[in-house]
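Thanks for coming. I will go through one model this morning and keep it short.

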Amino acid sequence: MAKRSQTLKDHWREQRLFLSRVIGAAVVVVVLTGVLVARLVQLQIVDYQRFSELSQDNRLRIEPLPPTRGLVFDRNGLIIAENVPIWQLVAIPEQIDDLDAVLRDLESLDLIDPSEHTVLVDLIRSHRAFERVKLRDLTETEAARFAVRRHRFSGIDIQEGLIRYYPFGPASAHAVGYVGSISTYDLERIDRSNYAATSQIGKSGIERSYEDVLHGQVGYRQQVVNAQGRVLYDPASATGDGGIAGLETKWPVPGRNVVLSLDMRLQLATQQAFAGLRGAAVAIDPANGDVLALVSAPSFDPNRLSGGLSRSDFAALNTDPDKPLFNRALAGRYPPGSTIKPFIGLAGLHHETELAHGTVYCPGFYTLPGHSHRYRDWRPQGHGTVDLHDAIVQSCDVYYYQLAVELGIDRMAAALAGFGFGAPTGIDIAGEVGGVVPSREWKRNAFSRPEDQVWFPGETVITGIGQGYTLVTPLQLANATAVLAARGRRFRPRLLIATQDPVDGEMHRLEPEALPPVEIAPEHWETIHQAMVGVTTEPRGSGRTAMLGTEYVVAGKTGTAQVFTLEQEEDYDPEEIDERLRDHGLFIAYAPAEAPEIAVAVVVENGGGGSSAAAPVARKMLDAYFAARPAAEIGDYVARQP
């Protein structure tokens with residue numbers, strides 16, 4: 001019989017095993033408890049402030065408060081741009097049952113453009129259900145039309161807002177500019193945090209160039225919201241006791257008011273003088289470079305753009321063949337025609353050319369030695385024997401053909417550049433372009449083919465009368481005329497002359513920026529000055545008819561610029577060609593001639609002769625200026641509080 005083995009139970013070992021397990025479990029519990037305590041310390045003590053702020057952010061929302069945009073005044077205190085209350089059409093998505101049907105009903109009332117339907121659907125659906133979504137601004141008539149039918153539109157309402165308003169409409173459009181919706185491009189150049197509550201930004205003119213001055217600083221207000229972001233408590237709408245303490249409000253800082261050099265009475269008169277015409281005019285104070293008037297015609301109503309044009313309306317405006325959105329005063333480039341002659345005459349005097357102190361016989365045409373091509377004078381029968389004075393008074397082309405040959409193209413180019421031609425003047429609004437002052441170097445750089453880079457003698461001849469490659473902007477022409485009037489003193493043209501604190505009314509004036517003068521002997525200035533006075537006062541003066549009867553003396557010069565080149569034997573008949581191929585009319589002037597206060601340049605596109613088309617516009621400008629002298633200096637006006 002096999003012996004059965006028996007194993008005795010080891011109580012001591014089991015006891016030790018049990019004890020070790022208890023100790024291990026206790027250690028785990030202690031460690032886990034320590035981790036828990038450490039985490040509690042981290043959350044409740046170390047990171048208390050951070051999590052406290054985060055919890056506040058979950059409970060509070062920062063509602064940005066838009067600053068009030070600064071006002072724009074002219075030099076006499078007239079408001080050119082302001083902020084006015086307006087009704088806005090808004091949608092509340094969660095209250096709309098059938099969005100498409102509601103929008104179609106609004107379209108049937110002409111409150112929404114049908115072409116905007118899809119855009120508005122996307123806009124509304126991109127917002128949270130309880131947020132108010134602005135659809136468009138309404139006129140008083142449109143707001144009234146909606147108000148009587150309000151019961152039909154669940155989820156659609158009207159609310160008050162502010163809109164930029166330009167009291168002078170098209171008259172100030174190209175100088176002051178306009179505001180419009182912030183675009184993707186705008187977002188790349190602005191401080192987004194400062195535009196958190198703003199939907200519009202300056203798009204052109206003063207509104208764009210001085211956006212940082214006009215806009216101001218955004219403020220904010222704390223609101224209590226739920227987890228979905230719906231506002232539960234807004235201090236702005238709270239009444240009585242029971243509000244929540246500790247909610248912060250930082251009021252926005254309004255933008256500064258700006259004061260422009262424009263004289264709106266002159267600006268309006270200029271705008272009216274261009275009725276039915278295309279072109280531009282600029283008036284400058286020769287004493288400091290202040291731009292008194294800057295008009296481009298036709299113009300547009302900036303109020304339509306600031307209110308938000310429909311796509312179809314903007315397309316119609318943008319494709320208008322007369323280009324009302326194009327700023328001809330700053331970006332229109334025109335041949336100066338005979339308005340260039342006083343500047344070429346000064347160059348002839350300065351360089352002591354033989355002809356500047358002599359005479360030439362004008363038979364009605366000019367030929368280069370050894371050439372048969374005839375460069376025609378505007379007067380087919382000629383002017384006879386003329387000197388520099390007569391050549392300016394009667395605008396004799398043949399004299400200037402000869403003078404240009406004596407000067408040479410490079411000396412002419414240098415002289416014109418000295419008056420600011422061929423480069424932007426640096427006016428303090430965007431959009432300006434440079435003109436063209438041709439020279440041998442310019443032609444080498446302007447053309448790629450070697451055969452096109454050769455400068456020909458005939459090109460020098462026609463440059464002497466402001467034709468050929470020479471191009472100027474109306475602003476450049478007015479600026480150069482101001483230098484003539486000031487006998488060489490130069491200032492950078494400017495529109496902004498002061499800013500004003502909207503709260504305390506403190507004015508900060510800006511000093512004009514002087515530029516290096518044009519150094520010409522005093523007697524030469526006087527020679528040209530007397531000739532330009534003769535243009536408007538002597539019997540054969542080309543501008544005499546337009547300036548008859550003025551109570552002030554005008555120094556001026558007419559100009560007529562060809563739009564296309566005539567063949568040698570071809571005659572110009574404006575009745576036989578398209579209206580847009582007719583000559584441009586130009587006129588420059590300053591007055592009173594003995595102590596100039598204003599210098600003007602006028603360009604009338606396809607208007608014909610300068611004496612018949614542009615000089616009458618300049619006459620109306622000068623009459624308006626001297627009939628309505630500024631009644632108050634800049635510091636005398638009282639700005640309205642925004």
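I will cover a helix pair, the nonpolar cores and one serine.

This is a predicted model, in which local features need pLDDT of at least 70, side-chain atom pairs count only at pLDDT 80 or more, and totals for chains, interfaces and linings use all residues. Residues are numbered from 1 along each chain as its sequence is written, and side-chain values use heavy atoms, with hydrogens and water left out.

Start with helices α14, residues 341-350, and α20, residues 474-485; helices here are DSSP runs of H or I, at least four residues, numbered from the N terminus. Their axes, lines fitted to C-alpha atoms over the stretch in contact, come within 11 Å and cross at roughly 50°. Pro342, Phe343 and Leu346 of α14 make the contact with Ala480, Thr481 and Leu484 of α20, where contact means heavy atoms within 4.5 Å.

Now the cores, meaning sets of buried Ala, Val, Leu, Ile, Met, Phe, Trp, Tyr and Cys residues joined through side-chain atoms within 4.5 Å. Buried is under 20% relative accessible area, with a 1.4 Å probe and protein chains only. The largest core has 93 residues, and Phe343 and Leu484 are among those touching the most other members. Helix α20 gives the largest share, eight residues. Apart from this core lies another, of 31 residues, including Ala269 and Val617.

Among the residues Ser306 touches are Asp137, Arg164 and Gln200.

Note on methods
Axes fitted to C-alpha atoms, helices over the stretch in contact; angles between N-to-C directions. Helix = DSSP H or I, 4+ residues; strand = E, 2+ residues; numbered from the N terminus. Buried < 20%, exposed > 50% of the residue type's maximum accessible area, 1.4 Å probe, protein only. Lists of a residue's contacts leave out its neighbours within four places in sequence.
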